[in-house]
Amino acid sequence: MANPRKAFIFFNCDANKSEASMNIFYNNAVYKDTKLSRKNLWKKVKEEYGAERIQIPFDKLHEVEFQIIEGDPVSASDFIQFGTIREIDCY
């Protein structure tokens, strides 16, 4: 699972997930592809959900958690409104 050359960034964004609405100066935490970092990414998503800055259908919360911790964090974005997870390469 872990890939040291991969990392993820969570972005708050508009409903269309437009690049222009993703602000690297506001969302600047980078989560490496490790078990601990993935758990921290899930913690961040839960905080944003709890603060109502993002929306996730209640019946999809477990799927989002699974994808972030065990699967493909980027695919969790399919269930998140006003937020997205992007993958970046690390060297």
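**Briefing: sheet, helices and core of a predicted model**

In E2, valine 30 is the bridge partner of isoleucine 9. The structure is a predicted model. Its open sheet has three strands in the order E2-E1-E3, paired in the antiparallel sense. The largest nonpolar core holds 15 residues, and E1, H1 and H2 are the elements that give two or more residues to this core.

**Sheet**

- Strand E1 covers residues 3-12 and strand E2 covers residues 30-33; four bridges link these two strands, which are antiparallel.
- Strand E3 spans residues 83-89 and runs antiparallel to E1, to which seven bridges join it.
- On the E3 side, the residue opposite asparagine 12 is glycine 83.
- The strand order is E2-E1-E3. E2 and E3 are the edge strands: each has a single partner strand, so one side of each lacks a neighbour in the sheet.
- From one strand to the next, the twist averages 30°.
- As a general point, side chains in a regular strand alternate between the two faces of the sheet.

**Nonpolar core**

- Among the 15 residues of the largest nonpolar core, those touching the most other members are Leu41, Val45, Val64, Ile68 and Ile85.
- Two or more residues of this core come from each of E1, H1 and helix H2 (61-69). H2 supplies the largest share, four residues.
- Leucine 41, neighbours within four places in sequence left aside, is in contact with Phe8, Phe10, Tyr31, Ile68, Pro73 and Ile85.
- In soluble globular proteins generally, nonpolar side chains tend to be buried together.

**Helix H2 and its cover**

- The buried residues in H2 are Leu61, Val64, Gln67, Ile68 and Ile69.
- H1, helix H3 (73-76) and E3 are included in what covers the buried residues of H2.

**Glutamate 48**

- Helix H1 runs over residues 35-50 and contains glutamate 48.
- The relative accessible area of glutamate 48 is 2%, so this residue counts as buried, the cut-off being under 20%.
- The side chains of glutamate 48 and lysine 44 make a polar contact of 2.9 Å.
- Beyond the neighbours within four places in sequence, glutamate 48 is in contact with Phe10, Asn12, Arg53 and Ile54. One of these, Asn12, is the residue that stands opposite glycine 83 in E3.

**Glycine 71**

- The loop between H2 and H3 holds glycine 71.
- Glycine 71 counts as partly exposed because its relative accessibility is 24%, and that class lies between the 20% and 50% cut-offs.
- Apart from neighbours within four places in sequence, the contacts of glycine 71 are with Arg38 and Phe66.
- Between glycine 71 and arginine 38 the C-alpha to C-alpha distance is 9.9 Å, at a separation of 33 residues in sequence.

**Cysteines**

- Cysteine 13 has a relative accessible area of 10% and is therefore buried.
- Cysteine 90, with a relative accessible area of 18%, is buried.
- The disulfide count is zero, where the rule asks for a pair of cysteine sulfur atoms within 2.5 Å.

Methods:
Residues numbered from 1 in each chain as written. Predicted model: local features only at pLDDT ≥ 70, side-chain atom pairs only at ≥ 80, totals over all residues. Heavy atoms only, no water. Pairing = 2+ DSSP bridges. Buried < 20%, exposed > 50% of the residue type's maximum accessible area, 1.4 Å probe, protein only. Polar contact = N/O pair within 3.5 Å; in protein donor to acceptor, adjacent residues only side chain to side chain. Contact = heavy atoms within 4.5 Å. Core = buried A, V, L, I, M, F, W, Y, C linked by side-chain atoms within 4.5 Å. Axes fitted to C-alpha atoms, helices over the stretch in contact; angles between N-to-C directions.
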